[in-house]
Amino acid sequence: MIKLIIKIAILVAVIVVFMVSNPSTEDHKKAISDIIENATESTEEDGLAHVKEIVRNKIVSMITTDMLQVKDYGVCSVGRIETKGESRIVSFGILGHVFTPGSDRLIQSTKTGDIKEELKSKVLDF
């Protein structure tokens, strides 16, 4: 009986640790923003550097505000880019850390189908 109580207590403690350390929506947004910024960062200084930064910031804001949906499952969370019925997982959060695909895969997920068209239309609206 004591062993059963100890096992249950350990299980409850583990679940509580997972729940308390589950990354927030803001953590997912920050992780996605960092990947996009790193992938599009230019080391060259040219006359268009300021314009490139403005466009990059607009795209990052649009993706993290309008397209990123984070579902909290209590012990973990999943970030998806959703638009027009198409959904792709772009982040997974657990134990205080948000795991994201490489920048190539994230950029690829925004270049397909309806997501690509929505990005184009929103950037052109800028």
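The protein contains 5 helices and 4 strands, where helices (H or I, at least four residues) and strands (E, at least two) are DSSP runs numbered from the N terminus. Along the sequence, these elements follow the pattern α-α-α-β-β-β-β-α-α. The model is predicted, so that local features need pLDDT of at least 70 and side-chain atom pairs count only at pLDDT 80 or more, while totals for chains, interfaces and linings use all residues. Residues are numbered from 1 along each chain as its sequence is written, and side-chain values use heavy atoms, with hydrogens and water left out.

**Surface and burial**

The accessible surface of the protein amounts to about 8300 Å², and 59% of it belongs to carbon and sulfur atoms; areas come from the Shrake-Rupley method with a 1.4 Å probe, and for residues only the protein chains shown count as cover. Of the 126 residues, 27% count as buried. Buried denotes under 20% relative accessible area, exposed over 50%, and partly exposed the range in between (1.4 Å probe, protein chains only). Among contacts between residues at least 6 apart in sequence, 59% join residues at least 24 apart, a contact being heavy atoms within 4.5 Å.

**Nonpolar core and patch**

The largest nonpolar core has 9 residues: Ile-32, Ile-36, Val-60, Met-62, Ile-63, Met-67, Leu-68, Ile-81 and Val-90. Helices α2 (25–40) and α3 (49–67) each supply at least two residues of this core, and the largest share, 4 residues, comes from α3. Such a core is a set of buried Ala, Val, Leu, Ile, Met, Phe, Trp, Tyr and Cys residues joined through side-chain atoms within 4.5 Å.

A nonpolar surface patch of about 730 Å² is made by Met-1, Leu-4, Ile-5, Ile-8, Val-12, Val-16 and Val-20. Patch residues have over 30% relative accessible area and no salt bridge, and nonpolar side chains (Val, Leu, Ile, Met, Phe, Trp, Tyr) are joined within 5 Å. Val-20 belongs to helix α1 (residues 2–20) and is exposed, with a relative accessible area of 69%.

The structure holds 2 salt bridges, each defined by a side-chain nitrogen of Lys or Arg within 4 Å of a carboxyl oxygen of Asp or Glu.

| Pair | N to O distance |
|---|---|
| Lys-29 and Glu-26 | 3.8 Å |
| Lys-30 and Asp-34 | 2.9 Å |

Lys-29 and Glu-26 both lie in helix α2, 3 residues apart, about one turn of the helix. Lys-30 and Asp-34 also both lie in helix α2, 4 residues apart, about one turn of the helix. Glu-26 is exposed, with a relative accessible area of 53%, whereas Lys-29 is partly exposed at 22%. Asp-34 is partly exposed, with a value of 27%.

Ser-91 lies in strand β3 and is buried, with a relative accessible area of 2%. The Ser-91 side chain makes a polar contact with the side chain of His-28 at 2.6 Å. A polar contact is a pair of N or O atoms within 3.5 Å; within protein, one must be able to donate a hydrogen and the other to accept it, and residues adjacent in sequence count only if both atoms are side-chain atoms. Not counting residues up to four places away in sequence, Ser-91 touches His-28, Ile-32, Ser-77, Val-78, Gly-79, Val-98, Phe-99 and Thr-100.

Leu-95 lies in the loop between β3 (86–94) and β4 (97–99). Although Leu-95 is not a glycine, its phi is positive, about 50°. Most residues other than glycine have a negative phi. Leu-95 is partly exposed, with a relative accessible area of 47%.

Definitions and conventions
Patch = residues over 30% accessible without salt bridge, like charges linked within 9 Å, V, L, I, M, F, W, Y side chains within 5 Å.
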